[in-house]
Amino acid sequence: MKDDITLAQGRGYLAIPGPSVVPEAVLRAMHRGAPNIYEGELIEMTHGLFPDLKRVARTGGHAAIYICNGHGAWEAALANVVAPGDRVLVPSSGAFAQGWAEMARGMGAEVELLDFGRSGPWDMGRIAEVLRADAAHRFKAVLAVHVDTSSSVRNDIAGLRRVLDEAGHPALLMVDCIASLACERFEMDAWGVDVMVAGSQKGLMVPPGLGFVFFNDRAAEVRAAMPRVSRYWDWAPRVAPESFYQYFAGTAPTHHLYGLRAALDMILAEGMEHVWARHERLARAIWAACEVWGQGGPLALNVADPAHRSHAVTALRIGAPHGTALRNWVESHLGLTLGIGLGMAAPDDPQWHGHFRLGHMGHVNGHMILGLLGGIEAGLTALDIPHGHGAIDAAAEVIAGG
Ligand SMILES: *Cc1c(COP(=O)(O)O)cnc(C)c1O
């Protein structure tokens with residue numbers, strides 16, 4: 001800033017793609033003394049979480065809650081259906097698909113990774129070829145990331161189910177919705193998804209610490225045929241517990257459960273269709289601003305085709321060192337924290353500083369997004385980074401219903 005005052009005092013805004021902003025209602029719900037984990041109110045409250053989680057996932061199947069982050073949910077899902085030596089297919093459009101593939105490798109699976117780059121969706125034709133070539137049906141599962149948070153690509157899950165069906169391939173369709181659940185339209189049953197994983201700290205607006213695995217009866221049959229499943233990750237006792245203790249294979253994540261209750265109440269009161277529509281409108285406002293900035297300078301959306309852009313996270317290129325400079329400026333001067341670029345360049349590569357991401361998942365509304373965009377505009381101006389003018393007008397038009 002050219003003068004020496006700071007504009008960073010006031011409520012900070014963490015606009016990174018997870019953890020996301022935690023609503024006051026969730027914080028208040030968590031602010032309490034330790035409850036009894038053997039009987040009483042916590043037990044009743046916890047029973048009620050499962051049907052509501054399934055409403056958010058749009059499934060009549062099963063839901064298991066784990067004390068873990070998203071990586072733990074990845075491992076939980078794999079541990080139940082993939083044994084060492086089993087083959088899995090992983091179409092990739094970013095670092096998180098590669099991460100899940102890596103985890104499967106670490107658990108002894110044989111992984112075939114189809115790399116479709118880091119700025120566009122899968123090539124369904126290529127996936128179809130690979131599945132048809134697998135006449136012996138050796139692929140036991142396809143691991144699919146709905147929204148890859150590194151690239152901000154959103155993939156077509158219903159389309160992938162059609163490809164599997166058309167190839168007559170019985171592999172389980174396993175989907176990572178860690179970034180997309182309660183942000184983007186996702187229909188677990190209608191889209192034929194067998195296993196879905198999610199985490200608490202993105203669209204679900206709860207601090208990191210809960211992992212979720214949803215699965216249908218087909219996946220339960222595959223689990224039943226497994227030679228063994230590690231006791232902690234085994235989903236079977238968690239969905240049909242003989243005692244409350246078995247829900248979590250030990251002590252319940254007490255405070256997170258209260259937070260989750262409050263978050264589910266907010267999500268279901270708004271309604272899934274409205275939650276999705278809100279995220280879409282806010283995302284379109286962000287894209288509109290970015291497109292205008294890009295007309296007069298180096299800023300560019302990582303995903304060119306709006307049809308394949310996430311509504312929950314936006315990856316941007318701006319050229320080194322502008323990405324890091326902009327993040328630093330808006331954080332120190334405005335109290336606004338933007339996400340680092342992920343998976344686009346190694347941290348020791350100068351190009352690392354040319355990428356950043358915006359998280360717009362969960363507890364976000366119109367004034368927050370306009371503040372986010374206004375903050376970026378101020379940063380571009382302060383740092384003399386060339387940019388097109390009229391970005392905020394363009395975003396306001398979208399917010400206003402254009
Ligand atoms: C955040 C994220 C993960 C990893 O979750 P952690 O809680 O950081 O382990 C995995 N997949 C996707 C798509 C994500 O957005």
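Helix α2 (residues 41-57) passes helix α10 (residues 254-270) in a left-handed crossing, a term used when the near helix is turned anticlockwise from the far one by less than a right angle, with clockwise giving right-handed. Helices here are DSSP runs of H or I with at least four residues, strands are runs of E with at least two, and both are numbered from the N terminus. The model is predicted, so local features need pLDDT of at least 70 and side-chain atom pairs count only at pLDDT 80 or more, while totals for chains, interfaces and linings use all residues. Residues are numbered from 1 along each chain as its sequence is written, and side-chain values use heavy atoms, with hydrogens and water left out.

Two packed helices are described by the angle between their axes and the distance between the axes. The axes of α2 and α10 come within 10 Å and cross at roughly 45°; axes are lines fitted to C-alpha atoms, for helices over the stretch in contact, and angles run from 0 to 180 degrees between N-to-C directions. The two helices are therefore oblique to each other, since angles under 35 degrees count as roughly parallel, over 145 as roughly antiparallel, 65 to 115 as roughly perpendicular and the rest as oblique. Residues making the contact (heavy atoms within 4.5 Å) include Leu42, Met45 and Leu49 of α2 and Leu257, Leu264 and Ile267 of α10.

An open sheet is formed by five strands in the order β1-β13-β14-β12-β11, with mixed pairing; two strands pair if DSSP finds at least two bridges between them. Strands β1 and β11 (300-301) stand at the edges with a single partner strand each, so one side of each lacks a neighbour in the sheet. Strand β1 (residues 13-15) pairs with β13 in the parallel sense over three bridges. In this pairing leucine 14 stands opposite threonine 337, and alanine 15 stands opposite leucine 338. By contrast, β13 and strand β14 (residues 355-359) run antiparallel and are joined by two bridges, with isoleucine 340 opposite phenylalanine 356. Four of the five residues of β13 (residues 336-340) are buried, so this strand is largely enclosed by the rest of the structure; buried means under 20% relative accessible area, exposed over 50%, and partly exposed in between (1.4 Å probe, protein chains only).

Helix α12 (residues 322-334) lies across β13 and β14, running at about 155° to β13. Its 13 residues should span 18 Å at 1.5 Å a residue, and the end C-alpha atoms are 17 Å apart, which agrees; the expected span is 1.5 Å times one less than the number of residues. Among the buried residues of α12 are Leu326, Trp329 and Val330, and the elements covering the buried residues include β13, β14 and α13 (366-382). Glycine 335, with a positive phi near 70°, follows α12.

Most residues other than glycine have a negative phi, and most peptide bonds are trans. Histidine 137, although not a glycine, has a positive phi of about 55° and counts as partly exposed at 37% relative accessibility. Aspartate 384 likewise has a positive phi of about 55°, but counts as exposed at 64%.
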